[in-house]
Amino acid sequence: MTTTTIFLLPYAGGSCASFNFLITELKKAGRVFPLELPGRGKRVVEKLCTTPAEAIDDYYRQIEEQINEGPFLIYGHSLGALLGFYVAQRLTENGKTPTALIVSGNAGPGTITDRDWHSLPSDQFFAQVKALGGMPPAFFSSQELLDFFEPILRADFRISSELLPVVPEQKVNVPIYAMMGADEDRSDELNNWGKFTSSGLSTRIFPGGHFFIHQAKDQLLEAILRPPIGPAAE
């Protein structure tokens, strides 16, 4: 029986540990590769990516090295969703088409936002990060953690701010399943992803904010293991 290889792309500031809450179940279904960019996690000694091109190139190389002859799919949350799209586009152009692109926490390319956070003073920057949720309160009371993660988060938010306004000229020939939390900014624009695929879009809005994925773990696992690709739905 052919198994599907699953690649996981984390949110800004995330690492290969960001999806630990999914790994055990996903490994029962196939090969799973939680990825990370340089400068964090197992790659902490490497130089941070600070441009979209660097990040896309890095993820592309990681995925290309692990693709075998079987099917594979990409799941990304937030920044990982954006980067996942561009990586899927490049893979497809090179004859290595994912069976699906699953995205969450992001309304997709071309959604202009005011999240140009990477240039804010530290206090304002971390206020914005805190508002997103996903970080335990202890994180913001530890100066050591703030000092360590600040350059990582700034680099990732810079990449996001430069990618979001860009409208790709070419659609990707990969079905997309897009999810967001009802309380997220621009969740009403989730169907925007349909502009960038020629292979169908499905959407779903969940209760919660940007990190709804932790409360919707079972539904997220179901989406990754059995993507409900087809006409858009609420």
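**Helix packing and the parallel sheet**

The axes of helix α4 (residues 122-132) and helix α6 (residues 143-163) come within 11 Å of each other and cross at roughly 80°. That makes α4 roughly perpendicular to α6; this word covers angles of 65 to 115 degrees, while under 35 degrees counts as roughly parallel, over 145 as roughly antiparallel and the rest as oblique. Axes are lines fitted to C-alpha atoms, for helices over the stretch in contact, and angles run from 0 to 180 degrees between N-to-C directions. Helices (H or I, at least four residues) and strands (E, at least two) are DSSP runs, numbered from the N terminus.

The model is predicted: local features need pLDDT of at least 70, side-chain atom pairs count only at pLDDT 80 or more, and totals for chains, interfaces and linings use all residues. Residues are numbered from 1 along each chain as its sequence is written, and side-chain values use heavy atoms, with hydrogens and water left out.

On the α4 side, Ser122, Phe125, Phe126, Val129 and Leu132 meet α6. Their counterparts in α6 are Leu146, Glu150, Leu153, Arg154 and Phe157. Contact means heavy atoms within 4.5 Å. The residues of this contact divide into 7 nonpolar, 1 polar and 2 charged. Here Ala, Val, Leu, Ile, Met, Phe, Trp, Tyr, Cys and Pro count as nonpolar, Asp, Glu, Lys and Arg as charged, and the others, Gly among them, as polar.

Helix α6 also holds aspartate 156. Aspartate 156 is buried, with a relative accessible area of 1%. Buried means under 20% relative accessible area, exposed over 50%, and partly exposed in between (1.4 Å probe, protein chains only). Leaving aside neighbours within four places in sequence, aspartate 156 is in contact with Tyr11, Ala12, Gly13, Gly14, Leu37, Arg40 and Leu79.

The strands come next. An open sheet of 6 strands has the order β2-β1-β3-β4-β5-β6, with parallel pairing. Two strands pair if DSSP finds at least two bridges between them. The edge strands, β2 (30-34) and β6 (201-206), each pair on one side only. Neighbouring strands are turned by 15° against each other on average, direction ignored. Helix α1 (residues 20-27) packs on this sheet and touches β1 (4-9) and β2. The direction of α1 makes about 160° with that of β2.

Strand β4 (residues 101-104) pairs with β5 (residues 176-181) in the parallel sense over 4 bridges. Isoleucine 176 in β5 is the bridge partner of leucine 101. Strand β3 (residues 72-77) also runs parallel to β4, and 4 bridges join the two. There, histidine 77 stands opposite serine 104. Both faces of β4 are covered: Leu101 and Val103 on one side, and Ile102 and Ser104 on the other, are all buried.

Proline 98 sits in the loop between α3 and β4. At 4% relative accessibility, proline 98 counts as buried. Beyond neighbours within four places in sequence, proline 98 is in contact with Phe72, Leu73, Ile74, Ala88, Thr92 and Val174.

Helix α3 (residues 79-93) contains glutamine 89. Glutamine 89 is buried too, with a relative accessible area of 13%. The side chain of glutamine 89 reaches the backbone oxygen of glutamine 170 at 2.7 Å. Apart from neighbours within four places in sequence, glutamine 89 is in contact with Pro168, Gln170 and Val172.

Note on methods. A polar contact is a pair of N or O atoms within 3.5 Å; within protein, one must be able to donate a hydrogen and the other to accept it, and residues adjacent in sequence count only if both atoms are side-chain atoms.
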